[in-house]
Amino acid sequence: MEKKQTKSVFSRLGRYLRESRAELRKVIWPSRQETTALTGVVLISVVFVAVGIWLADTIAGLLMGFILR
């Protein structure tokens, strides 16, 4: 049987941080203009979905109210 070598927590943490930094350097970050535009798209989408859920809930509540009377 081979003996497993255990590395210290600090050496594993250091390796993780070095590898994470290397990966983050590969990322293509969006420009400020792209970020602003995409944030607007997300906010508008959230509003539409929230209104849709609210309408569905209101209609379901009214139907249940009529059924249970």
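Me: Is Lys26 buried or exposed, and what is its relative accessible area?
Reply: Lys26 is exposed, with a relative accessible area of 59%. Buried means under 20% relative accessible area, exposed over 50%, and partly exposed in between, with a 1.4 Å probe and protein chains only. The model is predicted: local features need pLDDT of at least 70, side-chain atom pairs count only at pLDDT 80 or more, and totals for chains, interfaces and linings use all residues. Residues are numbered from 1 along each chain as its sequence is written, and side-chain values use heavy atoms, leaving out hydrogens and water.

Me: Which residue does Lys26 meet in a salt bridge?
Reply: Side chains of opposite charge can pair when their charged atoms come close. A salt bridge is a side-chain nitrogen of Lys or Arg within 4 Å of a carboxyl oxygen of Asp or Glu. Here Lys26 meets Glu23 at 3.2 Å, N to O. Glu23 is partly exposed, at 46% relative accessibility.

Me: How many salt bridges does the whole structure hold?
Reply: The search finds two. Arg15 and Glu19 also form one, at 2.9 Å from N to O. These residues are four apart in helix H1 (residues 9-26), so about one helical turn separates them. Helices (H or I, at least four residues) and strands (E, at least two) are DSSP runs, numbered from the N terminus.

Me: How many helices and strands does the chain have?
Reply: The chain has two helices and zero strands. Its radius of gyration is 26 Å, well over the 11 Å of the globule rule for 69 residues, so the chain is more spread out than a compact globule. That radius is taken over C-alpha atoms, and the rule is 2.2 Å times the number of residues to the power 0.38.
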